[in-house]
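User: I would like a close look at one part of this model. Please keep it brisk and stay with the geometry.

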Amino acid sequence: MVDMNEDGRKFNLNEMHQFGDVVLGGLFEVHYTSVFPKLTFTSEPQQPVCKGFDTLGFRHAMTMAFAVDEINKNSKILPNLTLGYSLYDNCGALAIGLSGALSLASGQEEQFLLKENCSGSPPVVGIVGDHYSTFSIASANVLGLYKMPIVSYFATCSCLSDRQRFATFFRTIPSDAFQVRAMIQILKYFGWTWFGLLVTDDDYGLHVAQSFQSDLAESGKSCLAYLEVLPWDSNPNELRRIVNFIKTSTARVVIVFAHEIHMIQLMKEVAQQNVTGRQWIASEAWTTASVLQTRELAPYLRGTLGIAIRRGEIPGLKDFLLKIRPDTNDNNGNNLVKQFWEHTFKCKFKPSDWNDKETACTGNENIELAETEFLDVSNLRPDYNVYKAVYALAYALDDMLQCEPGKGPFNGHSCASLEAVEPWQVLHYLQKVNFSTNFGDQVSFDENGDALPIYDVMNWQQLPDGKTRTQNVGEVKKSISGGEELTLDENNIFWNTDSNKPMRSVCSESCPPGTRMAREKNQPECCFTCVSCSGGKISNKTNSLECFSCPEDFWSSPHHDHCIPKKTEFLSYQEPLGICLTTTSLLGTFICAVVLGIFIYHRRTPIVSYFATCSCLSDRQRFPSFFRTIPSDAFQVVRQNLTGLQWLASEAWSTAAVLQTPRLMPYLGGTLGIAIRQGEIPGLKDFLLQIKPNTQQNNTNGNSIVNQFWEFTFQCRFEPLPTGWLENGGKICTGEEDLRAVETEFFEVSNLRPEYNVYKAVYSLAYALHDLLQCEPGSGPFKDGSCATLETLQPWQLLHYLNKVNFNTSFGDQVSFDENGDALPIYDVMNWHWVPDGGCKAQNVGEVKISEFNGEQLSLNENKIFWNFESKQPPRSVCSDNCPPGTRVVRKKGEPQCCFDCIPCSEGKVNNQTNSLECFDCPEDFWSSPQRDHCVPKKTEFLSYQEPLGICLTAASLLGTFICAVVLGIFFYHRGTPIVRANNSELSFKLLLSLKLCFLCSLLFIGQPRLWTCQLRHAAFGISFVLCVSCILVKTMVVLAVFKASKPGGGASLKWFGVSQQRGTVFVLTSVQAAICTAWLVTHSPSPHKNTQYHNDKIVYECVVGSTIGFSVLLGYIGLLATLSFLIAFLARNLPDNFNEAKFITFSMLIFCAVWVTFIPAYISSPGKHADAVEVFAILASSFGLLTALFGPKCYIILLRPERNTKKAIMGRSTTGTTES
């Protein structure tokens, strides 16, 4: 309980004291929370009530008492001097803790025994505490004014290492800066790169968050999934939101920097939402908290790893604790020992406090029988730090008292005396303390007041009864090189997983070689997708940001992790196609040799020959004069001649006249800044001119502010004068000097800004007092309608009226305060303009204020803004220019998000947005435009009628059809001549008709493939050629039959080759092919297909055969008939000349077979439309070969040698040929 006595000026705190020659102060958290009443300021404010007795906090306080007692019994330290202590409870509240600190520094006595010069020794010469970092910051800020040494045992905030702010602060616990780096070492050790961070809403937590983010940025390998601030007031809705966020996050590791009270509330919500599967990392504040090691929380907190304060041993502490007894004669209800006794034994000393469940305390209860962790001294951690802190102050005092007069460290080599010891004197010795404890730990402080950094690493392990215990599994300390040295015993670590192995916690798995990292937009660096390298590109590192192109003669391996020599492709002798062609070539050579022999032998026979056959600020062009290594001030700007920069000023210097000089204007001209609202104060200048120093005042201490101003302004001194002042040419101040004759900015009242705020602040208090004094008794705001009186005025009464102040200044500005005590926010926007003398002046160019509906509202008069650039336009200031559509953003490792490179999208990928992190694949039938900013339909490729090759083939097809028609006309016109009638003219007409169909069917292979053309082209081709070859076969068979019939006894053979039989044979042979085509079309019909395999940027339209077997059977049947025709014609080659058509058939079949044998490898190796072109060429070549070989000689005789187209001539040739032969 914190109370005040009747006069309202003295704090009554929970306390414990022991008298001594020198007294040490202590601040501890004996109660962990406080209840603050609502402050209405209509009645005297009630003081907060302390709640929740903290047994361990009381043990910390008693450890200090023990250390003092032990020192007093030790003759080797502070002999002949008795140490005392004054200990106060902060009740877990900053206001109470600061009250205790002030009480320790100034005392609580109502009267002080002081010397004549108002000096004297303070109540304490050093303080151990406070518990929390926030409390220590507040205490160190205030007690630093007293130069009071503070040695904390638990405050870890890294901000407390700032010797400029906290010159008197020391601690026996390592700084959070070391703890953060230690935790990062643990994260690296287990490969955890994706984790959440929870911190408390105080200096301890917020500075940790800042340190964590900066240290992570330096390491560059880990990311925060989230950073949440735990509410100080344990807001259930906010806790529910935070725990739900933890539950839904993919981060499996949760780091918590919080105090026990916050962890209790957090873990209740974690249990409520049943959030399991998380690895908790604990800060030193709750690593060893037994209040959390319960059966209820074990399923969630088992396996927790934590940083713990170094454990120590304090011999004799338990015996000391067992001797504690309350003073039953002490009626002070704030006595900490009594409160501990009441809490432990559930009793009360005052009968008025009894209830049904409590009894009266006697003071003789046996503490050994009580179930309390108070006596468990096996795991002393904060207590050990308290112990070291007390000894550090004691050793400092001991060193101070060992000082020999004349050899001291103070002015004139003096020493401090016990009668007039000052805290700052103790500070001098405290900085040099260096001793070892009985446990063997060295205690000393570095230049920042921090102890030697060392932590234990703890692991929460499960016990058989379902509870948990903390087990030491390692340590982390500062290494010789200055880094963090982590030692872990992994075999002793318990993991709260089924596998009893550390869980993985990464946002994205590492990208293996052969892939690259693609950052996800608006996500941390650890979150990315792994994109396979495209063809021809590789990455041979894990988590590579880019894929790199292989050299010209190399290609990517199947896994895209290294380059391999490109395969060399040529028609080799080893591959099947090469073997086939080589065999064919050799076979052809052999056949040629045979034919050559035949032709030499039959050299009068005509010979027909043929031949069949792819940096922004480092850019010297943009910023030729820009250099920097570190952020510079105005002086550095001048030295390095840094021009071309746009400066933005805070309110602290936006109107600073000291910077508005001709020397700095080339650099600071055009500066934009936020300035305090300007105002006018009528009469201020006249008031200032009336200022006069008080020459009658004793100026011994020189504390008169007006006198000091006068001496500064006129460079003179009031009496008493410093030694040698007049001798050195100094003047004596008379007080009659004329202020108007001095050049000083003191009278410059045209630009009042902070002064205007002072003016408003004074008027606010005056209006509050005015309203207070206008109160009518009986209608007042205080208890029973009472009013405040001037004689008994309390500050809290004035507060009530100050909250409601609302007035307007003479300048027209409204003054009032919101619920937070803030004035209406408004700032002027200033711009530094050049003036003719080379200097500058700050010109108002706008304002920024809070709008009720629109938030911050900025108004600027851009026409009045002066820009210190040649263009007179605002400069561009970007780290990297925007990446245009067609490119993607690639973050620069270790640099801010605004710094990136723009990489063009690869082929087939596009991006139509500015600053996109990814390029996206085009749909299947589309390809990227040349600019890669949109998808365009892929070019389609097929054998068309418009391209030169298609035109040539079409022309050849129509030409062949036309020639067939002409030949058919010639034969029909001369159908009665012997040359036409010989060997069944009907077969000749059928043959010409089939050749015409062969020529026409080639047109089905030209043009965009459609279903009907794909189905018809091969069927028409197959049937047309079978009809043609069937006619040739029948012709050949008829020639043989006629030859045999001409011999004696051979007439019987002709009856099998009459006209009906010839027609029937042709029909049957053609029907077989028709049946093959029908079966093929019904089962696996050819169909059009879009082939994207040949070219990435093209679609090749082609007809897939559907069934390779069907196509092979179709070609095989044609080849079978052609081969049979060739063999029969070859056997009939030596018939008499009147039957010489067999020679032409032999030659035509030789051409036919040669064309289609070469067609097969050419067709297989030709992609896309070229395969169709090869097939059309084969059709046309074989058709022209048949047409020329079979009908060319006959047309020659009919048209050019009609005298030979007679029966007599034919018979004569026969006779002649027979004779010649």
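This is a predicted model: local features need pLDDT of at least 70, side-chain atom pairs count only at pLDDT 80 or more; totals for chains, interfaces and linings use all residues.

β11, β12, β13 and β14 belong to an open sheet of 8 strands. The order is β12-β11-β13-β14-β15-β20-β21-β22. Pairing in this sheet is mixed. The edges are β12 (223–230) and β22 (484–488), and each of these pairs on one side only. Direction ignored, neighbouring strands are turned by 25° against each other on average.

Look at one pair inside that order. Strand β11 (residues 194–200) and strand β13 (residues 253–257) run parallel, joined by 5 bridges. Within this pair, L197 stands opposite I255 of β13.

A further helix belongs in this picture. Helix α5 (residues 203–219) lies across β11, β12 and β13. Its angle to β11 is about 155°.

All 7 of the 7 residues of strand β4 (residues 22–28) are buried, so the rest of the structure largely encloses it. Both faces are covered. One side carries V22, L24, G26 and F28; the other carries V23, G25 and L27. β4 pairs with strand β7 (residues 83–89) in the parallel sense, over 7 bridges. There, G25 has S86 as its bridge partner. β4 also pairs with strand β8 (residues 127–128), again in the parallel sense, over 2 bridges. In β8, V128 stands opposite G26.

Last, a helix-on-helix contact. Helix α20 (residues 948–973) packs with helix α22 (residues 985–1001) at an angle of about 165°, and their axes are 8 Å apart. The two helices are therefore roughly antiparallel. The crossing is left-handed. From α20, the contact residues include A956, G960, C964, L968 and F972. From α22, they include F989, L992, L995, K996 and F999. By class, this contact has 12 nonpolar, 4 polar and 1 charged residues.

Conventions
Residues are numbered from 1 along each chain as its sequence is written. Side-chain values use heavy atoms; hydrogens and water are left out. Axes are lines fitted to C-alpha atoms, for helices over the stretch in contact, and angles run from 0 to 180 degrees between N-to-C directions. Helices (H or I, at least four residues) and strands (E, at least two) are DSSP runs, numbered from the N terminus. Angles under 35 degrees count as roughly parallel, over 145 as roughly antiparallel, 65 to 115 as roughly perpendicular and the rest as oblique. A crossing is left-handed if the near helix is turned anticlockwise from the far one by less than a right angle, and right-handed if clockwise. Contact means heavy atoms within 4.5 Å. Ala, Val, Leu, Ile, Met, Phe, Trp, Tyr, Cys and Pro count as nonpolar, Asp, Glu, Lys and Arg as charged, and the others, Gly among them, as polar. Buried means under 20% relative accessible area, exposed over 50%, partly exposed in between (1.4 Å probe, protein chains only). Two strands pair if DSSP finds at least two bridges between them.
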